[in-house]
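Q: Please take a close look at a single part of this model, namely the places where its parts touch one another. A connected account would be appreciated.

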Amino acid sequence: MNSPIHRARAARTTPSPATSPTAPTSSPAPHRADGPSLSRRRLLQGSAVLAAGTTAAGALSACGGTSAPAGATQIDYWLWDANQLPAYSAAIDLFMEKNPDVFVRVTQLGWHDYWTKLTASFVAEAGPDAFADHLARYPEFLKLGVIAPLDGLGPLDDIPATQFQDGLQELWTGQDGKRYGMPKDYDTIAVMYDRTMLEKEGLTPEDLEDLDWNPEDGGSFEKMLARLTLDANGVRGDEDGFDPKNVARYGMAAPGIDYTGQTSWSPFAYSTGWTFTDADTWGTHFNYDDERFAATMDWYFGLVDKGLFPPFGVFGDSSPTQTQVQTGKAALSLAGSWMITTFNNMEGMELGIAPLPSGPVGTPMSMFNGLGDSISSQSDNKEEAARLIAFLASDDAQQVIGERAPFFPSTDVGTEAAIEAFAEEGLDVTPFTDRVANGETGLYPLVENSAAIMQTMQAAFDQCWMRQLDGADFASYNDRVNALFE
Amino acid sequence: MSTATTSTRSAPRRRRKDDTKLALLFIAPATVGLLVFLVWPLLTGLYYSFTEYTTLTPPQWIGLENYQRLIADPIFWKSLKVTVLYVLINIGVQTVVALLIAVLMQRLTQSTILRSLVLTPYLVSNVVAAITFLWILDTQLGIFNIFLTWIGFDPVSFWSSETWVIPTVALVNVWRHMGYTALLLFAGLQSIPTHLYEAARTEGAGEITQFRRITLPLLRPILALVLIMTIIGSFQVFDTISVTTQGGPADASKVLQMYIYENAFAQYEFGYASALSVALLVILMVITFTQYWLTKAGQSDLD
């Protein structure tokens, strides 16, 4: 189902409910409302809405009017995450209020279209002035010379790296030491589950709090997975007579898995002390041949043989982790903080959030990733664009964003506002934020050649999941990846 | 025109000159189209295959490096194997089914409605057909898998099993294209004179003998052309895979076009992608010429 390219970032894109076949109901049936006097035009509009609804998050232009008032400079700002649109629209409205000489046109595109259109628009020299950027993509843009260094761009020089959570600005700093993105948010990983399910099992949220894990026997985390697994006859995974070939509820949900393992294997691998590359950022030598990595792979995908984790292909794109948990086909799901709202909105499910298990290093470890705002080197209005993204990083904007955010903004003020906003909904999101506060994170691999690495490693991860490869077999793929850097 | 003809009568030398100009004028639109949309892209594609090119920076000449890399690239050879497997299943099943439909249309019914109905899957766009089947054959929610469980089988991971994915894609495309292929063959059948069948019946030949001795031999030129067209189309499979599996699982459905697309639009390696495209072009040319020659598509037994 998932190709390297698509799958890779499917994790980070907050699949809109409309993209999954389970949710075609989210598309309205507008022609019904019009009754018999339905005009042809109405019908066409109706079907257009339906079509837009089903073909993913869609390409909606939002935020205010579409043309600049006289005398104002118009700049274009693009982002892909529909969940972030309301928060950023509000902040940008505030920006335009304070800067009447600038008019910002916001465009939101679905994840897949976003990068295709961005590339095409760079070739045509008609790209946005500022846009939301991703770590897996910006090294490529940097190499192509289409994003401008932020240093020396007016107000951006006054923003110190310390304004953001530790490490975020580092992720957006190129090999030349210049900044190529303003951190706009961050994300970490935790465990999500349905509290009702846990209650029925006679367990409490506290039971999930202090689990430990190791690659040899999986520790108390694996015991918990077994405890929560049920076969078709209702036998639990930790009981005699459990049939691992005929599982009704898996202990852990199956996410899309790629070379970063963001919401799958990376927390486990990180908690053995393993690192992706030889450096925090811009590493040039990968460690997929490390023993700790191999042991993690053998444990993680070995769960398939034990019946605790779904075999390859059981859940396709139509059944993402939130659906697996919602329908009771999986008990626990490792999930990114950008999915909190999506999980919370799943019907018939009471969301519980637990921290990751602590590994051999003694603490839990989460991958730490963040989006940034970049400025196009082709832009004629870099100054205005810089003012915009500097504003988005300011306390004023971060407060506005944090209050509306279904995610964690990059500064302390924004994060605090978001934690409060989640608390008002009855959600304790500290399992996500604690990782950052305690420094228990590993950075998203910021490297060159990410597309080629993705393509090479995908086959290895797929085959390991299909139980055709062992953890030790990753070494030969690692050689191919490292050859890219020679 | 008419004035030109009158004036040429008195001056035959000038007539030829005028005709050339006029002829050039007439073929100009087609020529321009051909040059701009076919010859030029072909030539630039050939050129790019000898360069390193990222679209945003100017291409750099690197000679045969892309082709050396292609020969040594295991993913290229794997994707070639996958593509050939796809074409074999797709064309094999499609041709048999389409021939059957065409013969049934000719021998059993005169109804225009019934004949048009056969074409309906072709009216659905490839992407829509692929997405629809993606849902129908989904492991968890697909209605076909629910049906399988209902009659006592285990659900099949049509899209995410290495064994099933290529047959699945091939059969989805058979579903979409069989009606169109059948229609082409049907047109060929119409050109076979009915008196041949009447004569055969008088001699006591059954339907099967008639099919083997009359229909197949006389349909050969059309069948050969249809095969050439469908095989070329089949080699170009991309959309179905792009919207369903994107080449997975573990490259099991990474057909050549998908690999070309990935190189060009995910990795910005337009040079290498061009080299892969040239390889596909060469393969298609060889296959087409061989086929043309083997099936004597240019001759008919009807004369």
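A: **Contacts of chain A**

In this predicted model, 14 residues of domain 2 of chain A are in contact with 13 residues of domain 3 of chain A, two residues being in contact if their C-beta atoms, placed from the backbone, lie within 7 Å. On the domain 2 side, the elements of chain A that contribute two or more residues are α6 (138-144) and α7 (168-171); helices here are DSSP runs (H or I) of at least four residues, numbered from the N terminus. The most is given by α6(A), with 3 residues. This side of domain 2 comprises 8 nonpolar, 3 polar and 3 charged residues, where Ala, Val, Leu, Ile, Met, Phe, Trp, Tyr, Cys and Pro count as nonpolar, Asp, Glu, Lys and Arg as charged, and the others, Gly among them, as polar.

Chain A is divided into domain 1 (17-54), domain 2 (60-186 + 371-410) and domain 3 (189-368 + 445-483), with bounds that come from an automatic or database domain assignment. The C-alpha centres of domain 2 and domain 3 of chain A lie 32 Å apart.

Residues are numbered from 1 along each chain as its sequence is written, and chains are lettered from A and ligands numbered from 1 in the order in which they are written. Because the model is predicted, local features need pLDDT of at least 70 and side-chain atom pairs count only at pLDDT 80 or more, while totals for chains, interfaces and linings use all residues.

Chain A also meets chain B: 28 residues of chain A are in contact with 25 residues of chain B. At least two residues of the chain A side come from each of α1 (4-10), α5 (111-123), α6 and α18 (450-465) of chain A. The most is given by α18(A), with 6 residues. By class, the chain A side has 14 nonpolar, 12 polar and 2 charged residues.
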